[in-house]
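The model to look at is shown here.

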There are 2 protein chains.
Amino acid sequence: MFQSFETAGERDAGPGRLMQLRAAMAAARLDAFLVPRADAHQGEYVAERDARLRWLTGFTGSAGMAVVTAQAAAIFVDGRYGVQVRAEVAPCFEPQQVPGRKVSDWLAGRLGQGARVGFDPWLHTRSDIDGLRDRLGAGIGVVPVTPNPVDGIWTDRPAPPRGPVRAFPEAIAGATRAEKIAGICAAMKAEGQAFAALSVPDSICWLLNIRGADIPRTPVVHAFALIETATGAVTLFADRAKFRDMDPGVPVLPQEAIVQALSQLSGPVRVDRDTAPFAFGDMLEESGVEIAWAPDPCILPKARKTGAEIAATRAAHLRDGAAMARFLHWLAGAEARVLAGDRVTEIDVVTALEGFRHETGALQDISFETIAGSGPHGAIVHYRVTRRTDRALAARELLLVDSGAQYEDGTTDITRTVAIGAPGAEEIACFTRVLQGMIALSRARWPEGLAGRDLDALARAALWRAGQDYDHGTGHGVGVNLSVHEGPQRISRQSATPLEPGMILSNEPGYYREGAFGIRIENLVAVARAAPPPGGDPDREMLEFETLSFAPIDRRLIDTDALCASERRWLDGYHAAVAARIGPLVPAEVAAWLRDVTRPL
Amino acid sequence: MFQSFETAGERDAGPGRLMQLRAAMAAARLDAFLVPRADAHQGEYVAERDARLRWLTGFTGSAGMAVVTAQAAAIFVDGRYGVQVRAEVAPCFEPQQVPGRKVSDWLAGRLGQGARVGFDPWLHTRSDIDGLRDRLGAGIGVVPVTPNPVDGIWTDRPAPPRGPVRAFPEAIAGATRAEKIAGICAAMKAEGQAFAALSVPDSICWLLNIRGADIPRTPVVHAFALIETATGAVTLFADRAKFRDMDPGVPVLPQEAIVQALSQLSGPVRVDRDTAPFAFGDMLEESGVEIAWAPDPCILPKARKTGAEIAATRAAHLRDGAAMARFLHWLAGAEARVLAGDRVTEIDVVTALEGFRHETGALQDISFETIAGSGPHGAIVHYRVTRRTDRALAARELLLVDSGAQYEDGTTDITRTVAIGAPGAEEIACFTRVLQGMIALSRARWPEGLAGRDLDALARAALWRAGQDYDHGTGHGVGVNLSVHEGPQRISRQSATPLEPGMILSNEPGYYREGAFGIRIENLVAVARAAPPPGGDPDREMLEFETLSFAPIDRRLIDTDALCASERRWLDGYHAAVAARIGPLVPAEVAAWLRDVTRPL
């Protein structure tokens with residue numbers, strides 16, 4: 001079982017550790033210190049060794065930062081974690097909600113002129129620190145500090161991860177390492193960059209066709225890398241022990257050797273101010289090496305999946321769809337038991353779902369902690385069930401299940417919201433609007449060159465007309481056996497990145513009523529060229545989405561009369577595809593159930 | 001009759017005038033000179049005296065620029081005018097289409113280092129010249145030249161306009177001059193600006209509650225103005241003779257006195273780099289007066305119409321709707337005559353429509369040249385019929401009529417596309433998609449704070465799904481008895497300006513098939529607060545559009561089966577409102593016809 005239901009944070013240890021940190025800060029003549037939930041690779045998950053924020057405060061969320069001064073301490077989290085932070089963190093850390101509250105304002109209100117704010121140059125990006133310095137002004141110093149004072153007092157800090165690295169099949173990647181490097185170097189040459197310094201594990205794994213096992217949920221290897229434009233030579237900086245099972249085909253130096261390597265380069269060196277550790281730029285500037293600030297050169301090529309990656313992902317989604325069908329069939333049985341008075345809880349749901357995925361025989365990991373929110377828990381957008389919060393399914397409530405898997409041939413992410421017993425009219429009305437938005441995007445065609453922000457309204461128009469909306473983006477990028485949250489493509493009013501063929505995104509509108517219910521319907525889609533329809537403008541290159549996820553949508557929650565004929569046609573066609581593609585992959589009784597729940601509306 | 005069907009340009013005089021201009025350029029030691037279609041106020045229409053581009057080249061379009069060197073000459077126009085420029089301009093001016101072709105590239109290819117490019121500092125903005133200088137580089141000088149060499153050779157150049165200025169009723173404006181000035185000064189004070197220099201006539205007329213008659217189609221007075229933040233004192237710079245019928249209540253100095261006045265200010269002086277003449281900034285910099293580059297302070301307050309302005313505009317649209325109903329009823333008769341073999345032309349259509357508007361007794365002017373495009377002419381987005389191009393209506397063709405009026409209580413702009421005889425299936429399919437987009441925007445609700453770019457996709461989704469689109473924005477801002485094209489609000493992927501209550505915009509999706517037909521359906525709408533629907537999110541401020549235009553939409557062009565029930569409901573409701581509001585304002589036989597064409601689908 002990958003998912004754990006324990007609350008890993010040690011809430012009560014917080015106050016004592018805070019005192020120790022203040023002592024260490026005093027010794028280092030620091031008036032404040034920043035403890036972010038981050039490692040040197042700025043990913044969504046960190047290794048145990050890098051869980052400094054959790055160790056210090058008890059906070060287990062995936063984003064946040066503690067800020068400590070001699071007298072005060074605060075923990076900054078976003079809206080998702082407003083409730084959770086109070087439950088997990090001792091009150092000596094005053095909770096602050098971003099973006100409303102700003103670290104800079106909090107510090108400025110507590111520090112005098114000449115104060116020194118320390119930070120670990122490996123845990124923050126250049127953008128983070130530049131922004132903080134701008135807002136604090138010249139009077140307050142923001143100074144890099146190594147080693148990290150937390151590490152000095154964290155006596156039983158775990159060792160660095162040494163997960164084995166494996167080769168990623170070229171048949172799935174659709175391009176050799178040499179082809180990828182050549183493409184990157186051609187682009188860097190055109191921009192006059194002599195080297196690129198990489199720190200994002202997804203980029204390095206994609207570039208070299210390797211995968212790792214250093215952190216949960218995302219099969220990447222913690223490493224840095226240097227690419228030399230002229231020769232295409234790549235040097236890896238990582239623990240050699242990780243390569244015990246395979247030869248990466250490029251030189252591997254110890255991870256800490258990146259420091260000296262950077263200082264000896266002759267630039268310009270391409271560095272990403274939004275993802276690379278502050279230490280990279282610092283090092284290059286100290287050594288007088290020219291820096292070319294530009295995005296990680298692998299990010300866009302990685303986002304444009306090859307035909308082979310899309311084909312592999314299709315297979316992964318069919319496998320995952322079979323597991324989802326078995327799960328939803330199991331859930332129908334569980335619902336009957338609940339209505340008969342049995343107790344079935346969120347943890348039972350998570351356990352069953354992971355079990356069906358495990359039985360595919362291909363499950364490497366779940367792609368994130370399964371969200372199973374029953375009733376009011378469904379309205380907590382990033383809810384993760386623990387033994388403490390576990391809640392029983394109940395009649396006339398909704399259950400929201402958002403989950404995904406890591407298979408070698410693809411990463412999945414799918415959300416279904418199902419009714420337990422007969423749903424209420426309000427739930428049906430809201431679910432139908434969310435479905436209309438999800439269908440509008442699924443059916444969308446658009447002229448090449450548009451960005452996610454140009455399509456976002458299509459997913460919201462039905463909710464908007466009812467005076468409703470959801471406070472999250474409509475879709476995020478997804479990798480292939482990499483991170484389930486991948487940039488730069490997004491479907492969001494904030495995203496100006498043009499959508500390009502091969503990009504994989506989620507299509508997940510939702511609706512949330514606090515204290516009552518949550519609704520989200522999510523499929524993954526791939527951007528594809530649209531065949532020109534008869535009568536279409538001859539010279540207009542149009543794009544469309546191919547839906548990758550196949551699982552039934554709870555028809556009991558659909559107000560059929562509220563759908564247009566075209567929307568109904570889309571849903572019936574989708575359900576027919578679910579039955580045709582998934583039916584043959586599941587046991588007979590599941591297939592029979594699937595035929596029934598996917599029949600035309 | 002306001003509209004003229006003559007082609008005012010003197011094509012054949014172009015070559016001789018070009019020779020004269022080159023002589024004048026040589027005398028002024030200029031290697032190149034720019035002749036834009038612009039005056040000092042950067043409006044859409046210019047006075048006869050300012051029609052330098054038309055005088056030199058014969059080009060009558062509303063945007064363009066001639067660029068002349070000793071050996072070569074070019075005229076830069078946008079895609080709208082590609083055909084027209086060839087018909088109107090002699091070949092000694094080589095046509096160039098922007099944005100593909102750039103003035104800077106054309107000049108750089110023909111001028112050597114040290115060359116001098118002259119421009120009239122009153123006819124270009126700071127943004128224009130800064131952009132040109134950036135692209136040409138330091139090697140080529142871009143130098144202001146006064147007086148304008150064209151004026152020296154244009155011996156029979158008309159006198160400046162002296163249209164009488166009239167007071168604009170406060171009952172319509174909804175705010176006194178003093179209230180408006182106080183609001184502007186409060187904003188300028190907050191930004192630390194001591195003065196603002198205004199050059200846009202709409203802004204000055206709005207601020208002082210006056211209207212003028214200096215140019216066609218837009219009832220503004222050509223003037224400059226200075227606002228002093230501390231005192232709220234406004235000084236006008238304009239020909240005093242224009243105020244023979246009313247006292248503007250503020251000092252009026254000669255227009256050319258602005259030069260000395262600017263040089264004597266103590267700044268910071270707020271100047272709009274996108275609309276103010278280059279001469280303003282030049283003057284202030286020469287005099288060492290600090291400049292605060294910022295948008296014209298009147299533009300946003302003017303765009304947020306008062307309740308009184310909206311109420312007045314509603315009345316103007318009902319009056320205009322009655323004229324439109326009489327016109328469309330006349331057109332139905334004309335169609336019968338055409339099908340019986342009579343000849344009815346585009347000019348007949350324009351003449352009839354202006355006649356019905358004239359008969360309201362309230363028509364001050366048309367708000368732009370009526371576009372009446374029959375058959376393939378409908379696909380020319382900014383077509384204006386002349387005696388040369390006049391075309392007869394014909395069976396199985398579409399007729400596109402885009403027109404508007406200036407009434408004291410409001411400015412209108414409406415487009416209807418009607419079938420002559422039974423329309424073809426392709427025309428019906430395309431018209432229905434355009435209608436779906438127009439309905440989607442009309443019905444839209446959205447959370448406060450969104451911009452036009454966040455809604456634009458709603459108007460295009462139906463066309464996109466068919467592989468079709470239109471290459472113009474979906475909507476432009478509209479004034480109240482001011483310009484029919486007003487910023488900053490727009491419905492366009494380019495517009496990040498939040499839509500605010502009171503803003504008036506057009507809602508005009510279209511579809512164009514070159515050489516065959518054009519379709520556009522346009523209503524004006526006003527942004528309004530939406531009453532929270534039952535079940536709507538309690539704390540979400542939602543906005544919606546109030547439709548202002550009332551005229552029937554040709555039901556023979558609608559594929560009813562392709563519409564959703566909700567779209568049909570909207571159209572039936574709209575048509576019922578047309579019959580109820582316009583019916584009582586038109587003669588009995590028109591009302592009877594109106595009842596018939598607005599019956600439920």
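This is a predicted model: local features need pLDDT of at least 70, side-chain atom pairs count only at pLDDT 80 or more; totals for chains, interfaces and linings use all residues.

Strands here are DSSP E runs of at least two residues and helices are H or I runs of at least four, numbered from the N terminus.

- β27(A) and strand β28 (residues 542–547) of chain A run antiparallel and are joined by 5 bridges; two strands pair if DSSP finds at least two bridges between them.
- Strand β24 (residues 504–507) of chain A also runs antiparallel to β27(A), with 4 bridges, and S506(A) stands opposite L524(A) there.
- Strand β27 (residues 523–529) is largely enclosed by the rest of the structure, because 5 of its 7 residues are buried (under 20% relative accessible area, 1.4 Å probe, protein chains only).

**Domains 2 and 3 of chain A**
- An automatic or database domain assignment divides chain A into domain 1 (11–153), domain 2 (166–296) and domain 3 (307–597).
- The contact (heavy atoms within 4.5 Å) takes 17 residues from domain 2 and 16 residues from domain 3.
- The rule finds 3 salt bridges across this interface (side-chain nitrogen of Lys or Arg within 4 Å of a carboxyl oxygen of Asp or Glu).
- E408(A) forms a salt bridge with R166(A), with the closest N and O atoms 3.8 Å apart.
- β7 (166–167), α7 (170–173) and α9 (201–208) of chain A each supply at least two residues of the side of domain 2 that touches domain 3.

**Conventions**
- Residues are numbered from 1 along each chain as its sequence is written, chains are lettered from A and ligands numbered from 1 in the order in which they are written.
- Local features need pLDDT of at least 70, side-chain atom pairs count only at pLDDT 80 or more, and totals for chains, interfaces and linings use all residues; side-chain values use heavy atoms, with hydrogens and water left out.

How values were computed
Buried means under 20% relative accessible area, exposed over 50%, partly exposed in between (1.4 Å probe, protein chains only).
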